[in-house]
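Hi,

Here is the structure I promised to pass on.

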Amino acid sequence: QVQLVESGGGLVQPGGSLRLSCAASGFTFSSYGMSWYRQAPGKERELVAGISTVGDSTNYLDSVKGRFTISRDNAKNTVYLQMNSLNPEDTAAYYCNARRTVFGQQYQYWGQGTQVTVSS
């Protein structure tokens, strides 16, 4: 059974930091590109950061560049999102995503989300 379980969300003051974790099971983690998405109330889900299968390539939403860092540990089947200098605009539910395309067939899994609230 495929599972992506996020943790690490919570309430933080502006300027603070959080580290999100996503523990994967039920599939070959090291074969999947991993990403973090977020969705704020009334807004569409957006890609925050992505990382390649071996971690040698990353990409970020412009508004989080220099503040957020995505990383993965294939030995632990876990992907992380280190979030620094948080501001209220970062408030959203954050979702972990796993994606792989094999011979044109896309395989994609989502976590249940973890809430991040930035407020004083």
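This is a predicted model: local features need pLDDT of at least 70, side-chain atom pairs count only at pLDDT 80 or more; totals for chains, interfaces and linings use all residues.

**The strands**

Start with the open sheet, which has four strands in the order E1-E3-E8-E7, paired antiparallel. From one strand to the next, the twist averages 15 degrees. Inside that sheet, strand E3 (residues 18-25) and strand E8 (residues 78-83) run antiparallel and are joined by six bridges.

Next, have a look at strand E9 (residues 92-102), which pairs with strand E4 (residues 33-39) in the antiparallel sense over seven bridges. E9 also runs antiparallel to strand E10 (residues 105-110), with six bridges between them. A further antiparallel pairing, over three bridges, links E9 to strand E11 (residues 114-118).

Some residues make handy landmarks here. Arg 99 in E9 is the bridge partner of Gly 33, and Arg 99 also has a bridge partner in E10, namely Gln 108. For the E11 pairing, go to Ala 92, whose bridge partner is Val 116. Then there's the hairpin of E9 and E10: two residues sit between the strands, and Phe 103 takes a positive phi near 50 degrees.

**The core**

Which residues touch the most other members of the largest nonpolar core? They are Met 34, Trp 36, Val 79, Leu 81, Met 83 and Tyr 94, out of 28 residues in that core. As for where the core comes from, E3, E4, strand E5 (46-51), E7, E8, E9 and E11 each supply at least two of its residues.

Setting aside neighbours within four places in sequence, its contacts include Leu 20, Cys 22, Phe 29, Met 34, Trp 36, Ile 51, Ile 70 and Cys 96. Ser 21, Ser 71 and Arg 72 are also in contact with Val 79.

**The aromatic rings**

How many aromatic pairs are there? The count comes to four. One of them is Phe 27 with Tyr 32, an edge-to-face pair at 4.8 Å centre to centre with 70 degrees between the planes. Both Phe 27 and Tyr 32 are buried, and together with Tyr 109 they form one aromatic cluster.

Tyr 37 and Trp 110 make another edge-to-face pair, at 4.9 Å centre to centre and with 65 degrees between the planes. This one links distant parts of the chain, as Tyr 37 is in strand E4 and Trp 110 in strand E10, 73 residues apart. Trp 110 has 35% relative accessibility, so it counts as partly exposed.

Finally, two arginines to look at. Arg 45 lies over the face of Trp 110, 4.6 Å from the ring centre. The charged end of Arg 72, which is also a contact of Val 79, sits over the ring of Phe 29 at 4.4 Å from its centre.

Cheers

Methods
Residues are numbered from 1 along each chain as its sequence is written. Side-chain values use heavy atoms; hydrogens and water are left out. Two strands pair if DSSP finds at least two bridges between them. Axes are lines fitted to C-alpha atoms, for helices over the stretch in contact, and angles run from 0 to 180 degrees between N-to-C directions. A nonpolar core is a set of buried Ala, Val, Leu, Ile, Met, Phe, Trp, Tyr and Cys residues joined through side-chain atoms within 4.5 Å. Buried means under 20% relative accessible area, exposed over 50%, partly exposed in between (1.4 Å probe, protein chains only). Contact means heavy atoms within 4.5 Å. Rings of Phe, Tyr and Trp (its six-membered ring) pair if their centres lie within 6.5 Å; planes under 30 degrees apart count as stacked, over 60 as edge-to-face and the rest as tilted. A charge sits over a ring if NZ of Lys or CZ of Arg is within 6 Å of the ring centre and within 35 degrees of the ring normal.
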